[in-house]
Amino acid sequence: STEKLVSRMTALYVAKKTLDVVISNVKSFITLEKAIFNLGVASGSTLTEIGSLTDKLLGMASDSSVPAIELAKSATAIVKTGKSLKDAIDIVSNSTKLAVATGEKLSSITQIVNKALVVFQLTGEEASESMNEFYNATINTPLAMQSLGDSIRNAGSSFATFLGLTTKSGKDLVEYKKQLLETATALTGGFALVGRTGSQAGVAIRMLTSKLVNMENSAKNMFNSMSSVTGITASELSKLAKEDLPKAIELMSKLYSSGELSLEAILKIFTPRQGASIASVLQQINGDLDGFNARITTGSSLLDAFNKQNESTEVRINKLSTAWQSFAKIFYDDLKPVIDGTISHTTKLLTFFTKLEKHIPLTRALMAGLVVAIGGVAYALGGVLVPAITATTAAMTALLVPMLPFIAITAGIAVGVVALYEPIRRYKQGLVDLAEEYEKANRQLIKSQEELSSMAQKAKIAQASVEAFSKLYYSSPFDN
């Protein structure tokens with residue numbers, strides 16, 4: 001009936017479109033595989049470890065909605081800065097949440113985060129809580145993630161210097177690194193509140209931290225002259241800053257906020273160009289650096305923001321794409337042995353014919369036949385695996401077998417005339433080399449036929465999987 005015909009045509013259309021999506025995602029998966037191999041090679045991973053990366057990255061992509069290929073590329077960029085593979089995966093995992101929550105590109109976020117971790121000498125695992133601080137700084141101040149990155153880039157060398165000056169070690173040192181990163185983030189947010197860009201904030205922070213250790217002589221004299229009021233000399237402040245920079249910053253803020261240190265002194269110590277904005281931030285700290293850091297870097301949950309963003313339509317579509325890619329991996333895993341074997345054997349035969357052509361120009365005709373056979377393989381990978389592979393095996397055999405009498409006759413003639421003609425003697429040597437190449441190829445052919453026979457069995461399984469999958473869509477709910 002017309003109704004059944006329409007129903008069956010609809011089912012066929014759905015099946016075709018579904019298979020089109022699967023094929024498209026298989027191609028996409030091959031591109032992903034290349035990106036994963038790049039990551040594995042850059043990190044010095046074994047083939048087994050590279051294989052496990054695929055499932056790991058697809059799982060991360062499913063959880064975050066960020067395409068797996070972006071995760072792989074970001075991790076590769078991090079590994080190339082000297083981080084371990086584990087560190088790179090940890091950084092990408094944390095950065096992904098930050099990227100989704102803030103709506104910024106993962107590649108930009110990972111660059112900023114990795115730069116911060118390099119400066120403050122932290123691993124991805126150690127700095128996981130810093131992601132929440134970064135996020136809150138963008139919520140509580142006009143600061144954008146890119147501005148934070150600009151600030152860290154300009155002030156990073158100063159903080160790296162202070163890490164080398166402290167005598168802290170072990171767990172205390174790790175906590176100190178985290179505290180410095182938190183303080184750098186909060187200070188950048190504080191400068192953003194007074195209208196400074198990320199780059200300007202970084203320069204001001206570098207000025208603030210460096211002058212605590214090494215004031216100009218005139219500024220040092222002025223500071224020392226007020227020691228009876230402030231209770232500390234420039235050299236004592238320098239010693240404190242070298243051991244514990246946050247405490248030195250807090251002390252300067254307390255002295256300025258209480259009026260013990262005048263604005264004139266601040267401008268003298270930190271230069272008129274940077275002194276005014278530094279004074280504003282010292283006022284915000286108000287003698288309580290922990291409280292200041294908390295106001296800038298806490299208050300909201302990065303995880304909550306990430307989970308909310310995951311409910312948006314765009315993110316859900318991205319997750320659907322990842323789900324398709326994971327599904328396509330099943331087909332790719334079934335087809336890969338067939339694809340790999342076909343590529344391997346075809347390459348060997350092409351190499352053989354290339355060598356053969358140097359001795360016998362007429363083999364161009366045989367090579368043309370080989371191209372036809374390879375076309376059969378291409379057709380096979382398009383959906384008719386078993387017949388095409390069987391035909392290709394027969395075609396390859398047919399190409400080689402006729403050559404046996406030709407080589408035997410030619411070799412016989414060469415042996416007969418070698419005593420008469422020196423040029424033919426040299427030609428004979430070429431034919432002997434050719435015969436050896438042929439023998440190698442013949443042995444390889446026998447081995448290839450055995451392997452191709454095994455591949456045909458695997459291809460039958462793969463084809464059965466595709467047929468079974470298609471039948472789900474060929475049947476219509478209106479048939480009954």
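**View 1. Burial and make-up of the protein chain.** Of the 480 residues of the protein chain in this predicted model, 42% count as buried, buried being under 20% relative accessible area with a 1.4 Å probe and protein chains only. The chain holds 21 helices and zero strands, taken as DSSP runs numbered from the N terminus (helices H or I, at least four residues; strands E, at least two). Local features need pLDDT of at least 70 and side-chain atom pairs count only at pLDDT 80 or more, whereas totals for chains, interfaces and linings use all residues. Residues are numbered from 1 along each chain as its sequence is written, and side-chain values use heavy atoms, with hydrogens and water left out.

**View 2. The largest nonpolar core and M252.** The largest nonpolar core has 91 residues, and F223 and M252 are those with the most contacts inside it; such a core is a set of buried Ala, Val, Leu, Ile, Met, Phe, Trp, Tyr and Cys residues joined through side-chain atoms within 4.5 Å. Helix 14 (residues 263-285) supplies the largest share of this core, nine residues. Once its neighbours within four places in sequence are left aside, M252 is in contact (heavy atoms within 4.5 Å) with L212, F223, L237, L261, I266, I269, F270 and L282.

**View 3. Helix 3 beside helix 5.** The axes of helix 3 (residues 68-79) and helix 5 (residues 106-119), which are lines fitted to C-alpha atoms over the stretch in contact, with angles from 0 to 180 degrees between N-to-C directions, come within 10 Å and cross at roughly 25°. The two helices, helix 3 and helix 5, are therefore roughly parallel to each other, a term for angles under 35 degrees. E70, L71, S74 and I78 of helix 3 make the contact with L106, S107, T110 and N114 of helix 5.

Note on methods. Angles under 35 degrees count as roughly parallel, over 145 as roughly antiparallel, 65 to 115 as roughly perpendicular and the rest as oblique. Buried means under 20% relative accessible area, exposed over 50%, partly exposed in between (1.4 Å probe, protein chains only).
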